[in-house]
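Please consult the sequence and the structure while reading.

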Amino acid sequence: MKLRVSTKAEAVDNFSGSSYISKSGIYDIIINFASVDVAASGAESVNFNIDYDGSQQVIYGPYVQNRDGNVNEIGARIINALAIIAGMGDGDEYEIEEEEHAVGKDKKVQTFNVITNFSDLPVKVWVQTEWSINPNTNLPKKRLVIKDFFRAEDGASAKEIVAGKDFGKRLELIKEKYADNVTYRDGLTEEDIKKFEQEKAKSSGSNTKVPTAKAVKPKTASLFK
């Protein structure tokens, strides 16, 4: 199956500390490169190696293909929105190239399958903190979920770009009502997380480990190929 850009209404419709991005919000970033990762289960995601305020970071996801091989509609819409923001048009195909990048604290060179359409692209990204239970440890696990992208210069969403009007209107609405939202899954509550973080700080300190990019293993059945 091959994923292509769409400017149709249903494809561009909206989805309902330091220089390190670690919580919900809207951030101005530069996408250094976006890489495609296909897991052994068949699930396919796009990972973003970014520059935020001069610091390098990786944000994993969204998934664009489920384990069963079907398109993940939410993730595919997010990537489609980014493609429109990047200037791609209806029917355009993504350019995927194998590239080597030095990543992590040790700057180890790894090989990635890069969507070159997104390389060195300045954008605004809306991320949301999500807490769930790690099935391996039975402890709360935090991750950042990409909710949407916006054009860097005016905050326009993909839908607004296609419509050619109301640039930045959706972004202002999100800033006002949703930007700081946090999702709690598996029965977790805000109080549970506060207690967990307090206990974690007492036992191991408050240092946060910055994630590093992982190389994409060559796989087949990618939506992008």
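**Exercise 1.** State which side chain makes a polar contact with the side chain of Lys124, and describe the setting of Lys124.

*Solution.* The partner is Asp28: the two side chains make a polar contact of 2.7 Å. A polar contact is a pair of N or O atoms within 3.5 Å; within protein, one must be able to donate a hydrogen and the other to accept it, and residues adjacent in sequence count only if both atoms are side-chain atoms. The model is predicted: local features need pLDDT of at least 70, side-chain atom pairs count only at pLDDT 80 or more, and totals for chains, interfaces and linings use all residues. Residues are numbered from 1 along each chain as its sequence is written, and side-chain values use heavy atoms, with hydrogens and water left out.

Next, locate the residue: Lys124 belongs to strand E7. Helices (H or I, at least four residues) and strands (E, at least two) are DSSP runs, numbered from the N terminus. The relative accessible area of Lys124 is 15%; Lys124 is therefore buried, a term that means under 20% relative accessible area, with a 1.4 Å probe and protein chains only.

Finally, list neighbours. Leaving aside residues up to four places away in sequence, Lys124 touches, among others, Tyr27, Asp28, Asp148, Phe149 and Leu171, where contact means heavy atoms within 4.5 Å.

**Exercise 2.** Determine how many residues the largest nonpolar core has and which element gives the most to it.

*Solution.* A nonpolar core is a set of buried Ala, Val, Leu, Ile, Met, Phe, Trp, Tyr and Cys residues joined through side-chain atoms within 4.5 Å. The largest one has 36 residues, and those with the most contacts inside it include Ile31, Tyr94 and Phe118. Elements that give two or more residues to this core include strand E1 (25-38), helix H2 (73-85) and strand E7 (121-133). H2 gives the most, with seven residues.

**Exercise 3.** Explain why H2 is described as largely enclosed, and identify what caps its N-terminal end.

*Solution.* Of the 13 residues of H2, 10 are buried, so H2 is largely enclosed by the rest of the structure. Among the buried residues are Gly75, Asn80 and Leu82. At the N-terminal end, the cap is Asn72, with a side-chain oxygen 3.3 Å from the backbone nitrogen of Ile74. After H2 comes Gly87, with a positive phi near 95°.

Definitions and conventions. Buried < 20%, exposed > 50% of the residue type's maximum accessible area, 1.4 Å probe, protein only.
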